[in-house]
Amino acid sequence: MNMVFALYLQHPDVQAFTLQPRHLERLRMAFPHAAVLSCADEATFLAALPDVTHALTWRFRNAWLDRARRLQHIATPAAGHDWIEPSPAPNLRVTFGAFHGPLITQTVLAQLLAFNRGLLVAERLACHGDAWPRASLTPHLHDVRNTHAVILGFGHIGQAIGQLLKPFGIRVTALRRDTSQPPPAWFAHNDRVLPVAQIDAALPDADHLICALPATPETTHLLDAARLARLPGRAALYNIGRGNVVDETALAKCLCDGHLRGALLDVFQSEPLPPDSPLRAAPNFFLLPHASAIAPNYLDLWLDELLPQLRA
């Protein structure tokens with residue numbers, strides 16, 4: 001069977017998420033005998049589906065399967081399973097991107113250092129008219145060495161984050177569903193892996209709570225008011241997983257009450273974050289617009305990962 005690729009990779013806001021000519025050329029060079037189709041819109045993609053064996057796309061709906069008679073493989077750059085509906089077809093392969101860890105890790109490390117070493121607060125003070133905010137900034141400056149990071153979700157992204165924290169002398173406690181796997185080779189003697197069921201015991205000792213969880217019914221509001229209250233006042237919350245995990249109203253109250261030192265979120269329950277969200281007025285809240293994995297080489301990194309899978 002001849003391979004026919006249909007690439008439907010367009011994004012209205014982020015050029016890094018949009019197919020470029022170099023990506024098409026790379027696929028054609030890797031599979032010179034295959035047909036490679038670039039689809040600029042959904043109608044073109046659907047029209048091509050009857051002949052397609054491999055769909056490279058951001059999203060796919062089960063309703064499209066009836067017209068995709070030759071389809072063998074759906075591949076998406078996305079790490080989360082939100083945009084690809086579970087397939088009822090037993091022989092249809094569906095793969096998700098697993099290359100995001102190094103990019104997202106850079107974002108988390110940048111957030112952690114910029115917040116604890118005062119860069120974010122200093123910029124905010126300067127924007128509010130404090131031309132030399134030394135006195136105001138001093139209480140916000142912290143040494144991250146010998147602090148404790150609790151990483152909620154310890155898949156490939158959570159593990160990449162933890163590994164990059166170690167050169168800064170940060171102790172890691174990882175929470176995950178499956179604790180049967182051996183700990184990573186980079187673990188120190190005081191690092192540990194715990195089941196998610198022990199989250200309540202881990203939170204009171206956290207300086208940094210880093211969330212890298214997918215969106216599932218089990219993770220919705222896992223960090224509710226009661227769990228947020230278990231964090232010490234010195235803690236900061238970072239979320240680069242999915243926005244359903246955090247009760248945003250409870251988080252805003254914690255920040256306003258001074259119970260948490262800060263929250264640096266990349267993902268939200270509703271995106272864009274609504275203008276009337278209580279988080280927007282909360283002190284020491286810092287927003288990224290779901291951008292933690294964006295880089296000009298985003299789709300290039302995906303192809304680095306995907307092409308060997310396709311050849312296999």
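Modeller: A polar atom in the side chain of Asp-247 lies 3.1 Å from the backbone nitrogen of Ala-250. One caution first: the model is predicted, so local features need pLDDT of at least 70 and side-chain atom pairs count only at pLDDT 80 or more, while totals for chains, interfaces and linings use all residues. Residues are numbered from 1 along each chain as its sequence is written, and side-chain values use heavy atoms, with hydrogens and water left out.

Colleague: What makes Asp-247 stand out as a charged residue?
Modeller: Asp-247 sits in the loop between E10 and H9. This residue is buried and has no salt bridge; Arg-227, the nearest side chain of opposite charge, is 11 Å away. A salt bridge needs a side-chain nitrogen of Lys or Arg within 4 Å of a carboxyl oxygen of Asp or Glu, and buried means under 20% relative accessible area, exposed over 50%, partly exposed in between (1.4 Å probe, protein chains only). Leaving aside residues up to four places away in sequence, Asp-247 touches several residues, including His-221, Leu-223 and Gln-269; a contact means heavy atoms within 4.5 Å.

Colleague: Why are the side chains of Arg-61 and Glu-42 called a salt bridge?
Modeller: Their N to O distance is 3.8 Å, and the limit is 4 Å, so the pair qualifies. Arg-61 is in the loop between strand E3 (54–57) and strand E4 (73–76) and Glu-42 is in helix H2 (residues 42–48), so the pair ties together parts 19 residues apart in sequence. (Helices, H or I, of at least four residues and strands, E, of at least two are DSSP runs, numbered from the N terminus.)

Colleague: Which residue forms a salt bridge with Asp-82?
Modeller: Arg-242 does, with the closest N and O atoms 3.3 Å apart. Asp-82 lies in the loop between E4 and strand E5 (93–96) and Arg-242 in the loop between strand E10 (236–239) and helix H9 (248–256), so this bridge ties together parts 160 residues apart in sequence. The salt bridge rule gives a count of 11.

Colleague: Is Asp-191 buried or exposed?
Modeller: Asp-191 is buried, because its relative accessible area is 8%. Its side chain meets that of Lys-166 in a salt bridge, at 2.9 Å from N to O.

Colleague: Why is the pair of Phe-154 and Trp-186 described by the angle between its planes?
Modeller: Rings of Phe, Tyr and Trp (its six-membered ring) pair if their centres lie within 6.5 Å; planes under 30 degrees apart count as stacked, over 60 as edge-to-face and the rest as tilted. Here the centres are 6.2 Å apart and the planes are at 65°, so the pair is edge-to-face. Phe-154 is buried at 2% relative accessible area, and Trp-186 counts as buried at 18%.

Colleague: What makes Arg-59 lie over the face of Trp-83?
Modeller: Arg-59 is at 5.0 Å from the ring centre. The rule asks for NZ of Lys or CZ of Arg within 6 Å of the ring centre and within 35 degrees of the ring normal. Trp-83 also belongs to a cluster linked by ring pairs, with Phe-17, Trp-58, Phe-99 and Tyr-298.

Technical notes:
Lys and Arg count as positive and Asp and Glu as negative; His and the chain ends are not counted. A polar contact is a pair of N or O atoms within 3.5 Å; within protein, one must be able to donate a hydrogen and the other to accept it, and residues adjacent in sequence count only if both atoms are side-chain atoms.
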